[in-house]
Amino acid sequence: MSRAANADERNPAGRVVRGAIWAAAHLGSIVGLLVAWEVFARSGAVTMFMLPPFSAVAARIWADGVDGNLWLNVGLTLYRTFVGFLLASVIGVGIGIAMARTRWARWFFDPIISVGFPMPKVVFLPVVILWLGVFDVSKITMVALEAVFPVVTATVLGIQGVGHELVWSARNMGAKDRELLWQVLLPAAFPQIMTGIQVALPIALIVAVFAEMAMGGFGLGGAMMQASRFADSRGVFAGIVEIAVIGYCVVKGLAVLRHHLLLWHQEAVSPSTV
Amino acid sequence: MSAALIRYSPLLILAIAWQLVSQFEFVSSTALPPLTQIGAAWLDLLTSGDLQKNAVPSLYRGGAGLVLAIAFGTALGIAMAWWSSVNVVLGPLVEGFYPMPKSALIPVTVIWLGFGDGSKILLIFLGCMLPVTIGAYNGARSTEQVLVWSARCMGASRLRMMWDVVLPSALPELLNGIRTALALAFILMVTSELIVAREGLGNLIGFLGANGSYAAMYAVVLTVAFLGFAADRIYQTLTQRVLAWRETGLA
C-alpha cells in the first residue's frame, strides 16, 4: 500500500489509471450481478413471480418515477429516517456528555443504557403505536429509540478517552467548564462520536423501513408491503432496489461528511474504510 | 450483591414509578398497565403454555439463521482477505449491500419461501451474514505479516496457516461482528414475525395487541427484550473466555 502511494506521488497519471481500474472492478461486479439476475430470471428456472427480470423492475421504477410516487415514498422514508436520526444524535450526544461529566447522570443512565442497548427495541412497536398512533410521530419515535443507544455509548467512551494532558493543559490555561467541553472534549472525542453516529444511521434506516411496513401508509416500506399484499412482485423488487440504492447513498454520504469534518484529524490522511 | 443493587437501583426506581403512575391512573392503565398486572399476565401465558409454544419457533429461526450466517460469513470474509481475486469480485457487492436496510428483504423472502420457518431463516441469514463477513475480513486482513512469515518459514501448509495463524488473529474482530449479528438476528426475528407469521413471539405480540389484552402484550414485549439482553450478556461472557489468551498477551 505504502509503496503504491509512493509511486502515486511520483506519477499522478498512474493514480488516475489505478483509480479507473478500481472503479471498473467495482462497477464490474455490480453490473455482473445485474446481468446474472436478468439471465437467471429469463432462463425459466424460476417463475416471473418469484424473480421478475431486472429490466422489468427497472421499467417499474422508471414508471413510478414518472408518475411521482417514487419521489413521494422516498421523500417520506428519508424524512422519517433523518428526523429520527437527528433526534437520536442530539439526544444521544447530550446524554453521553452528561454521563461522562456528572456523577448522578452516570448513576441514573448507566444501567438503563447497559440493559437497553442489547435489547431489540423494535418489539416496543405495538406499545409505541398504542401511545402515539400509526403516523409520523410514532415512526420517528421508533427510529430515534433504536438509534440513540450507539450514539450514547460512543460519546461516553469518546469523552472518557480524551487524554488527561489535554484536559490539564486547558484547565491550566484557565478554561472554564463550558470552554473545556466545547473546545477540548468534544473536538477530541469527535472521531469516536462520529463512529457512533455512523453506526446509528443504518439502524435508523432499518427501523424506518420496518415501521413503515408494520404501520402501513406511504413510504418505501409501506409501498413494498402493499405490493406484497397484491402479489405484485415487480413492486416488491422495485422497492428492494430503491431501498438498497438509498441505503448505499446515505451511508456513503455520511462517510464523505466524516472525511470533510475530520480533515484536521490524523485519520483523514489514511484511507477510510466503508 | 449490594453493589449490584446500588448500580441497578435506577431501574428499580423506574419500575416503582411505572407501578405508581398506572396504579393511580396518572396515565390510562390500558396504555400502561401496572407491572403487577403484567406479571400476572406473564404467569398466565406461562401456565397456558402460549409463551413456550411461541418462543420455540422464534428461537429456532433466530438460531438457525445466525448459525448459517456465522458459517458462511466467516468463510466468505476470510476468503476475501486470503485471495485478492475473491476480494475484487465480491468486495464491491459486500460494500454495496452492507448499508441496505435488511428489513426490506422481508417481503422478498416471503415471495420465495412462503410464510413458514424457511423465509425467516433466510431473512436472518441474509441480514446477519454481512456484519460477520466484514468482521472476519477486517480481522484476517490485519493479521501480522511477521506471524504469517514465521509460520511459513517453519513449514506450515496454507491450510494450517489459515487455521493456526489467520483465524486466531481474526478472532477478536470476528467475534465483534458476530455480536452485531446477534443483535440484528433478534431485530429481524421480531420484525418478520410481527409483519408476516402464523406463530412466534413477534406474532404473539401482534395478536395480543390486536385483541386489546395489553397487559399480556407488555409481558411478551418485556420477555423478548429480556431474551435479547440475556443473549448478549451470555455471548459477551463466552467471548471473554474465548479471548482470554489475548488479554494475558496484551497486559
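Biologist: In which helix of chain A do A:D64 and A:R60 both lie?

Modeller: The model is predicted: local features need pLDDT of at least 70, side-chain atom pairs count only at pLDDT 80 or more, and totals for chains, interfaces and linings use all residues. Residues are numbered from 1 along each chain as its sequence is written, chains are lettered from A and ligands numbered from 1 in the order in which they are written, and side-chain values use heavy atoms, leaving out hydrogens and water. Helices are DSSP runs (H or I, at least four residues; strands are E, at least two), numbered from the N terminus. A:D64 and A:R60 are four residues apart, about one turn of the helix, and both lie in helix 3 (residues 54-67).

Biologist: How far apart are the closest N and O atoms of A:D64 and A:R60?

Modeller: A salt bridge is a side-chain nitrogen of Lys or Arg within 4 Å of a carboxyl oxygen of Asp or Glu. A:D64 and A:R60 form one, and their closest N and O atoms are apart by 3.5 Å.

Biologist: Which residue of chain A meets B:R7 in a salt bridge?

Modeller: The rule finds two salt bridges across the interface of chain A and chain B. In one of them, with N to O at 2.9 Å, the side chain of B:R7 meets that of A:D110.

Biologist: Which helix gives the most to the side of chain A that touches chain B?

Modeller: Several elements give two or more residues to that side, including helix 2 (12-42), helix 5 (103-116) and helix 9 (177-215). With ten residues, the one that gives the most is helix 11.

Biologist: What area is buried between chain A and chain B?

Modeller: Contact means heavy atoms within 4.5 Å, and 48 residues of chain A are in contact with 51 residues of chain B. Buried area is the accessible area (1.4 Å probe) that two parts lose on being put together, summed over both. Carbon and sulfur atoms give 82% of it here, and the total is about 4,500 Å².
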